[in-house]
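Morning, everyone. Let's look at the charged pairs today, then at one piece of the surface.

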Amino acid sequence: MKFAWKIFFSACTLLILSLGAGSFLLVNASFRNTLESRRAAALEKADSQCLSYQALLAADQLLSTNLAPTSGGLSDQQSTVTEENPFPQSLSQGQRGSRLFANSSGQIIFQIVYALESPDGQVLYMEIQEDFSDIYQLRQRSQLLACAVVAGVCLVSGIVLFWFSRRLTRPLDRLAKTAVLLGEGDLTRRAPSGGSTQEIALLSKSFNRMADQVEQQMEQLREESRRRDEFVANFTHELKTPLTSIIGYADLMRSFELEAPQRREYSDFIFREGSRLESLSLHLLELIVLGRGDTPLSPISSRILLEGARRSLAPLLEKEKIELLVRLEDHPVLANADLVQTLVYNLADNARKAMDGPVRKVLITGRLAEDRYQITVSDTGRGIPADQLARITEPFYMVDKSRSRRQGGAGLGLALCQRIAQLHGSRLDFISQPGTGTSVTFTLPLAPAAGADKEEQP
């Protein structure tokens, strides 16, 4: 049963029971009061008649033959004097009995009987009857009127209650329909913000906030699914390309007798593609390992950290005739030295791959920035288009795929760098302009000076 009908039937039942019980009690109380008043009045009048009759008997003994037994109408009462007891129970001399009963005609009679002693010693019974039918008829009419009033009130109240219950629950019906549509996949649906009560309005707002969060999460899940599919597709492609080359050149070397220069050329192809596969597998392994949780950070001097990265980069950049500059403010930081040096190495290596102009420089700077230590790797390369900056840290994403593959890249370096920065409570921030160069910045937490001193001791 719908909530609106439950409210309607519950309210109507409560209204009918309360009005019915109240009307019954009111009519019954009024009837009892009227009955008691009439009974008291009838008894008082009967006592007066009895006293008058006894006074007459005492004044003249001869009256006994004239007054008893006799019958007559006194006011609205009917009185008789008989020698036989008309009361169901026996009455002793001087006693009085009274009762209500229905006669053969259906009238409600109030009977009063007195046991009197005549002058000759005989017991006489004086009976007085009064018709109380009008009281019971009045009660019946009052009951019918009360039933009519209750029915009318319930009818009008029922209409009002039905309208009110529908108005009260209409927002809940709309909320239920919205929930069904959301469950069917229409995530743009929202419940009306208004409501018949403050509680329903608050429920609608909470429901809409939940729907907004569900929509955002579903959008994130779709984006994650898209990226995962793209990751699998790129990973498959990155594996397929070098494997095809390796298999092809190996088959040529296996099938034909080649001259020494050709064998060396084919062997170089196989070596380069094999090295690319090895680099790909190592980067994937590092991403998986780093994605499992936090890594311990230790105090270390920023000078030791960046000088270690410079020593690793120097032979690679000198070979490409690229000038490497390091400018830093020495300060103790909290870091995993191996991971940070890998991060700086990969950023500088990406800068190396982007060099194609006459000015070939890579600058590594380190300085204090508020409560963290900021490291920036800048280059004078070809830069990155603005519309691709948001995706360059995605696994396997490459701005120039053909150039990256020729240089041995697989699109995992910046994804690995981003994860290392996240493990240090930071992220990679890119500033790039095509034709001018790129700057990549991340930060490290600071450490107490004592910790750095211990690291610098020989």
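Which residues are linked in a network of salt bridges? They are E320, D349, R352 and K353. Keep in mind that this is a predicted model.

D349 bridges to K353, with the closest N and O atoms 3.5 Å apart. Both sit in helix α7, residues 337-353, 4 residues apart, so about one helical turn separates them. D349 is buried, and K353 is buried too.

Now helix α6. Here R310 forms a salt bridge with E307, and the closest N and O atoms are 2.9 Å apart. The two are 3 residues apart in α6, again about one turn of the helix. R310 is partly exposed, at 29% relative accessibility. E307 is also partly exposed, at 22%.

D330 forms a salt bridge with R303, with 4.0 Å between the closest N and O atoms. D330 lies in the loop between β7 and β8, while R303 is in helix α6, so this bridge ties together parts that are 27 residues apart in sequence. D330 is partly exposed, with a relative accessible area of 38%. For R303 the value is 40%, so R303 is partly exposed as well.

The total count is 11 salt bridges.

Last, the surface. L155, V156, I159 and V160 make a nonpolar patch of about 400 Å². Look at I159 there. I159 is found in helix α3, residues 133-183. Buried or exposed? I159 is exposed, because its relative accessible area is 56% and the cut-off for exposed is over 50%.

Definitions and conventions. Residues are numbered from 1 along each chain as its sequence is written. This is a predicted model: local features need pLDDT of at least 70, side-chain atom pairs count only at pLDDT 80 or more; totals for chains, interfaces and linings use all residues. Side-chain values use heavy atoms; hydrogens and water are left out. Patches are made of residues with over 30% relative accessible area and no salt bridge: like charges are joined within 9 Å, nonpolar side chains (Val, Leu, Ile, Met, Phe, Trp, Tyr) within 5 Å. Accessible areas come from the Shrake-Rupley method with a 1.4 Å probe; for residues, only the protein chains shown count as cover. A salt bridge is a side-chain nitrogen of Lys or Arg within 4 Å of a carboxyl oxygen of Asp or Glu. Buried means under 20% relative accessible area, exposed over 50%, partly exposed in between (1.4 Å probe, protein chains only).
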